[in-house]
Amino acid sequence: MSKVHVIDHPLVQHKMAIIRDVRTGPKEFRELVDEVALLMAYEVTRDMALEDVEVETPMGMAQCRMISGKKIGVIPILRAGLGMVNGIIQLIPAAKVGHIGLYRDPESLQPVEYYCKLPTDIGERDLIVVDPMLATGGSAVAAIRFIKEKGGRNIKLMVLIAAPEGIAAVQAAHPDVEIFTAAIDERLNEFGYIVPGLGDAGDRLFGTK
Ligand code: PRP
Ligand code: URA
């Protein structure tokens, strides 16, 4: 069964409180999602392999460690996942970014794919799939399935808020995928929205409602 990591760092929790607040407008919402994604990326990449290197300082030689060859891919689930990309690539500028376009059919709550463009070498990369919301889990399960079909293997899922239902769905479909979240909320409502959640992440990011 895949592991679930709740990132309980005080800075993340503080910023999440403001993100959730109904009074927070799109500009501040976007900035905070960016910042939380950056802080979470720090934890998500904690297990990156290091190699020994020797560095000449002005005072002599220092034995240091740097990240070894392994490459990173960031894959936002469109559209709300886009809000989490910038924070991660600020930290890992060499990361490549793939995109998967999915929307949730409001009636069936089933994910519908409308776009998929991934780095050609995804099989050689550690992949971080990002989406602010893991609700029923339908979108994340489908996105990870597409990525695996295209050759992706080392996949982590990073979300801001997860519902227990979404976690269970990802664990059942993709037990190899570790989940990183800033919060696990209580439940889904009858429309598949996370309660208390933050509302519609895409609309809040892009001001479409
Ligand atoms: C939201 C969210 C996830 C999905 C989560 O996207 O960003 O992708 O819903 O729900 P699920 O776990 O039940 O699949 P939405 O479909 O609203 O599209 P958007 O990002 O374009 O707004
Ligand atoms: N998608 C969202 O944007 N918010 C939710 O609470 C659930 C799905």
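How many helices and strands are there in the protein? Colour by secondary structure and you'll find six helices and 13 strands. Keep in mind that you're looking at a predicted model.

Start zoomed out, with the whole chain selected. The C-alpha atoms fill a box of roughly 65 × 40 × 30 Å along the principal axes. The radius of gyration is 18 Å, which agrees with the value near 17 Å that a compact globule of 209 residues would have. As for what's hidden, 46% of the 209 residues count as buried.

Now select residues 71–78, which is strand S4. Seven of its eight residues are buried, so the rest of the structure largely encloses this strand.

Next, bring up the strands that pair with S4, one at a time:

- Residues 125–130 are S8, which pairs with S4 in the parallel sense over six bridges. Pick Ile72 and look across to Asp126, its bridge partner in S8.
- Residues 99–104 are S6, running parallel to S4 and joined to it by two bridges. Here Ile77 has Ile100 as its bridge partner.
- Residues 96–97 are S5, also parallel to S4, over two bridges. Click Val74 to find its bridge partner, Val97.

To finish, trace the chain from S4 through helix H3 (residues 85–91) to S5. Which hand does this β-α-β crossover have? The crossover is right-handed.

Notes. Residues numbered from 1 in each chain as written. Chains lettered and ligands numbered in written order. Predicted model: local features only at pLDDT ≥ 70, side-chain atom pairs only at ≥ 80, totals over all residues. Heavy atoms only, no water. Buried < 20%, exposed > 50% of the residue type's maximum accessible area, 1.4 Å probe, protein only. Helix = DSSP H or I, 4+ residues; strand = E, 2+ residues; numbered from the N terminus. Pairing = 2+ DSSP bridges. Right-handed = clockwise from strand over helix to strand, strands pointing away. Rg over C-alpha atoms; globule rule 2.2 N^0.38 Å.
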